[in-house]
Amino acid sequence: MQPASTRPVFRFAPSPNGYLHLGHALSALTNYEQARAAGGRHLLRIEDIDPTRCRPEFEAAIYEDLHWLGIDWEEPVRRQSEHFVEYAVVLARLERDGLVYPAYESRAEIARLVAERAPWPHDPDGAPFYPGASHELSSGERARRRINEPFALRLDLAKALARVSKSISWTETGDGDTHEVTATPERWGDVILGRKETPASYHLSVVLDDALQGITHVVRGFDLYEATSVHRLLQEILGLPAPVYHHHRLVLDTDGKKLSKRDKSTTLRELRAAGLTPADVRRAVGL
């Protein structure tokens, strides 16, 4: 067996905002089996940074479903809700460095500005680029407004790119052929890295968690392929290591759409209750 310090480290990182479905099963099984094949470590992370949607019963169900599939992991489990201070410290550092600014426009105001300027660029997930001018406010005006107003903390993309002196890429193994992919963070605009009431967005928390846990191989669905460009930029400006990425195919519904936690018919909980076995689930996801 390889020494712990040199063994590859994989992780499965679900959010407890619903029950796991077949798409999660594919990701969890792929992570677990790649870790075993590489003689590596397998970690579980609970991404519960959103307290309004994440619930204890869903977290408990994650453990139950994974055990049913025959998947185990190292303890302790990292829970994002226990690390808000760590995220806030990094976010404050980025703001001090001039790489993050508070934006005060509501979603409705952003929608209005975008409609007034159509056509307007959108990121790969379909969200509009930030159309406001909060980044032009003076430091005094920012400080005054943030006391009583809600805000989103956005990455200043132009300044972040200026900090990077080389082309950014990542190593991708998802199609079975290891190759380098050139990152294109400019396609995302000034993404949100946190909010007044939330110390980190997915983009920031996942990058920090992967670094803090020593993750060497990120195995996740192809729906996050494009977001890797943002993650690589954040890793560069924060001085964090870049894992190897493996973006696997998605499990789609009968309409060819990505599965949703709202569709109870594909949840592992419902399938188990209907009498399916772990072997049936493996066949259903093409393993």
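A residue is called buried here when its relative accessible area is under 20%, exposed when it is over 50%, and partly exposed in between (1.4 Å probe, protein chains only). This is a predicted model, in which local features need pLDDT of at least 70 and side-chain atom pairs count only at pLDDT 80 or more, while totals for chains, interfaces and linings use all residues. Residues are numbered from 1 along each chain as its sequence is written, and side-chain values use heavy atoms, with hydrogens and water left out.

**Whole chain.** Of the 287 residues, 46% are buried. Colour by secondary structure to find ten helices and ten strands; these are DSSP runs numbered from the N terminus, helices being H or I of at least four residues and strands E of at least two.

**Helix α3.** Select residues 84-96. The 13 residues of α3 should span 18 Å at 1.5 Å a residue, and the end C-alpha atoms are 18 Å apart, which agrees; the expected span is 1.5 Å times one less than the number of residues. Now show the side chains of Y87, V90, L91 and L94, the buried residues of α3. They cover an arc of only 100° around the axis, which puts them on the same side of α3; the arc is that of the directions from the helix axis to the C-beta atoms. Turn to the other side of α3 for V85, V89 and R96, which are exposed. Just after the helix, G98 has a positive phi of about 75°.

**The three-stranded sheet.** Keep β4, β5 and β8 in view: they form an open sheet in the order β4-β5-β8, with antiparallel pairing. Two strands pair if DSSP finds at least two bridges between them. β4 (100-103) and β8 (192-195) are the edge strands, each with a single partner, so one side of each has no neighbour in the sheet. Select β5 (residues 152-155), which pairs with β8 over three antiparallel bridges. R154 stands opposite I192 in β8.

**The hairpin.** Finally, select β6 (residues 169-172) and β7 (residues 179-182), antiparallel strands joined by four bridges. Here E172 stands opposite H179 in β7. Six residues lie between the two strands of this hairpin, and G176 in the turn has a positive phi of about 90°.
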